[in-house]
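Please open your viewer and keep the selection tool at hand, for this tour moves from one selection to the next. At each stop there is something to look at and a short account of what is there.

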Amino acid sequence: MYVGRFLVAAPGLAAYRVSSRSFPNRKVIERDGSLTVVPTDDAEPTDNPYVSYNCVRTVDRPEGQRAVVGNGSHVDPIAEKVGMGYPARDALAAALLALDFEKDDYDTPRIAAVVSDDTAFVGTVRRDALLVKEVDEPTLVATYEKDSPEPFALEADDAAAAARELYDSPYEHAVCAAGVTVGVDGVETAIHNGE
């Protein structure tokens, strides 16, 4: 099954995977404290605005750090709102509503999560709905087929294992993945760009 881009989030842990039929030549890099999806050196040139974006950003809050995970340019305004003190639910809802689903040939939904050491919220905006939900167990939301939050049997308990587990999950057309953990001692990120 092809579900497109997807993320899994739970309190203290999140991961994101790029799955793509149209633009498979991409990787995740660390840049300016964020994890960013970019084309590989051998990728065909494109002016598609949805190919490169921050997929993981961390935010310092007085009560503890947060991680924002998602499949596009909405990650940045969500992180900015969280940094300004917005509750996670409100930051997700405001940014997803403002940017709406992607205006491409597939009306691709935007998906995102905000994770702290003890909370997690997932959200999606698609043509027919805006959904934001607090979750207390690993929860998946994808751009296609599984575009409503649902439980996911994630076994990983650290960033590297979460990135690898999502990359290896049986959904089709894996490209690259990122993982993040948020604990009282800080944030840890990891990248998995295939074999």
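A disulfide is a pair of cysteine sulfur atoms within 2.5 Å. Keep that cut-off in mind while you select Cys-55 and then Cys-176, and ask how far the sulfur of Cys-55 is from the closest cysteine sulfur. The distance to the sulfur in Cys-176 is 7.2 Å, which is too far for a bond, and Cys-176 is accordingly in no disulfide. By this rule the count of disulfides comes to 0. Both stops lie in the interior by the term used here, where buried means under 20% relative accessible area, exposed over 50% and partly exposed in between, with a 1.4 Å probe and protein chains only: Cys-55 is buried at 0%, and Cys-176 is buried at 0% as well.

Before going on, note that this is a predicted model, in which local features need pLDDT of at least 70 and side-chain atom pairs count only at pLDDT 80 or more, while totals for chains, interfaces and linings use all residues. Residues are numbered from 1 along each chain as its sequence is written, and side-chain values use heavy atoms, with hydrogens and water left out.

Now turn to the rings. Rings of Phe, Tyr and Trp (its six-membered ring) pair if their centres lie within 6.5 Å, and planes under 30 degrees apart count as stacked, over 60 as edge-to-face and the rest as tilted. The structure holds 4 aromatic pairs. Select Tyr-2 and Tyr-144, a tilted pair with 6.0 Å from centre to centre and 35° between the planes. Tyr-2 lies in the segment before strand S1 (6-10) and Tyr-144 in the loop between strands S10 (139-142) and S11 (150-151), so this pair ties together parts that are 142 residues apart in sequence. Helices (H or I, at least four residues) and strands (E, at least two) are DSSP runs, numbered from the N terminus. Tyr-2 is buried at 10% relative accessible area, and Tyr-144 is buried at 16%.

Next, select Phe-6 and Tyr-171, an edge-to-face pair at 5.4 Å centre to centre, with 75° between the planes. Phe-6 is in strand S1, whereas Tyr-171 is in the loop between helix H3 (159-168) and strand S12 (174-183), 165 residues apart. Phe-6 is buried at 0%, and Tyr-171 is buried at 17%.
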